[in-house]
Amino acid sequence: MTLIRYKYNSTQDREFANTLKSRVNAFLSTECESRCGNAQMHLKCMTMFAMYLVPYGLMMTGLVTSIWILYLMWITIAVAKAGIGMGVMHDAIHGAHSNRKWVNNLLGQSMNLIGGNAYVWRIQHNVLHHTYTNIHEVDDDIDIPILLRMSPDQKRYWIHRYQHLYVWALYALATLFWVTSKDFIQLNKYRDRNMLKGNKEYLRRLLNIIGWKVLYYGYILVLPIYVLPVSPGQVVLMFLVMHLVAGTVLSLIFQPAHVFSDSVFVEQDEEQLQHNYMVYQFLTTTNFTLKNRFLFWLASGLNYQIEHHLFPNICHVHYEKLSPIVKKTASEFGIPYYCQEGLLNAVKGHYRFLKQLGRSRTLQAA
């Protein structure tokens with residue numbers, strides 16, 4: 001299936017878009033040295049890499065023999081895995097970590113280090129999700145065929161009546177699916193959509209994925225089996241626990257931000273969209289838990305999801321200060337600014353909407 005190129009209505013709400021961009025740029029030019037990362041961001045990156053590499057290094061010395069400490073180390077690696085994905089790789093691939101392109105490219109490769117693929121992620125996230133948020137069969141973040149119905153425009157199957165119950169198991173398995181098969185599936189999909197530059201490009205990217213997967217499984221699973229003072233079965237179980245924790249953390253941050261009761265979904269045949277691009281980001285996105293400093297640190301500012309979708313090339317360390325500007329401007333122009341009080345409320349809202357999508361055939365896309 002060839003990728004449908006949806007078109008936003010650039011003439012609609014043009015004054016709002018120009019006003020918001022002007023205010024944000026004025027704030028950045030007067031209050032911030034750069035729209036990219038700062039000392040806070042650099043410390044965050046070092047902390048996440050340390051949380052990932054130090055426990056791994058300690059385990060590989062063979063000095064840690066307590067099985068409970070080993071499990072704790074694997075869980076620490078899981079949290080760091082999610083943190084590297086959200087707080088290092090994510091900003092870097094958006095070009096927001098540094099004003100030096102080579103730094104962003106280098107840190108973007110951390111996606112490969114933790115088992116994914118930076119090239120595939122760039123297409124899935126930067127190109128498709130950010131450009132076509134919540135559009136069925138284009139936004140891969142809501143496209144989980146048969147197992148989940150995350151848009152009113154998707155076909156409803158009988159199994160979806162229970163999706164609000166089993167979705168949490170799927171979320172926990174998300175990173176495990178990612179490091180085993182997702183990158184291959186998506187690369188094939190993007191080739192079929194003519195998003196790659198011919199068969200040579202496809203083969204080069206395929207070999208790149210295979211090479212990084214071999215490296216990942218080599219250092220994260222095979223080597224520990226030989227080194228750790230526990231049985232191979234225990235190592236495999238620790239590996240699985242690590243992915244279950246990482247998958248859960250990532251899913252609880254990303255999924256409630258777009259699949260919620262007020263969110264707009266666009267029917268597949270509406271190639272000419274009625275909204276301005278920036279307005280559409282408000283209609284498809286919600287923030288949550290804005291006053292929780294720990295969550296802001298762990299989620300790398302992605303609880304400010306509206307600000308991220310509006311200005312993905314601005315480092316997340318600035319989102320907290322940009323939020324009042326965005327909210328005030330939206331209010332002046334009558335644009336909704338969705339925000340959930342607390343992560344638990346956001347998850348509950350996501351749960352209720354999945355339940356509604358699973359049980360209603362008449363729920364319509366906007």
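Is Phe282 buried or exposed? I find Phe282 buried, with a relative accessible area of 0%, where buried means under 20%, exposed over 50% and partly exposed in between, for a 1.4 Å probe and protein chains only.

I note that this is a predicted model, in which local features need pLDDT of at least 70, side-chain atom pairs count only at pLDDT 80 or more, and totals for chains, interfaces and linings use all residues. Residues are numbered from 1 along each chain as its sequence is written, and side-chain values use heavy atoms, with hydrogens and water left out.

I searched the whole structure for aromatic pairs and found 15; rings of Phe, Tyr and Trp (its six-membered ring) pair if their centres lie within 6.5 Å, with planes under 30 degrees apart counted as stacked, over 60 as edge-to-face and the rest as tilted. Phe282 and Tyr337 form a tilted pair, at 6.5 Å centre to centre and 55 degrees between the planes. Tyr337, at 16% relative accessibility, also counts as buried.

I then looked at clusters, and recorded that Tyr56, Tyr216, Tyr217, Tyr219 and Phe239 form one aromatic cluster.

Last, I looked up charges over rings, which require NZ of Lys or CZ of Arg within 6 Å of the ring centre and within 35 degrees of the ring normal. The charged end of Lys44 sits over the ring of Trp297, 5.5 Å from its centre, and Lys182 lies over the face of Trp178, at 4.1 Å from the ring centre.
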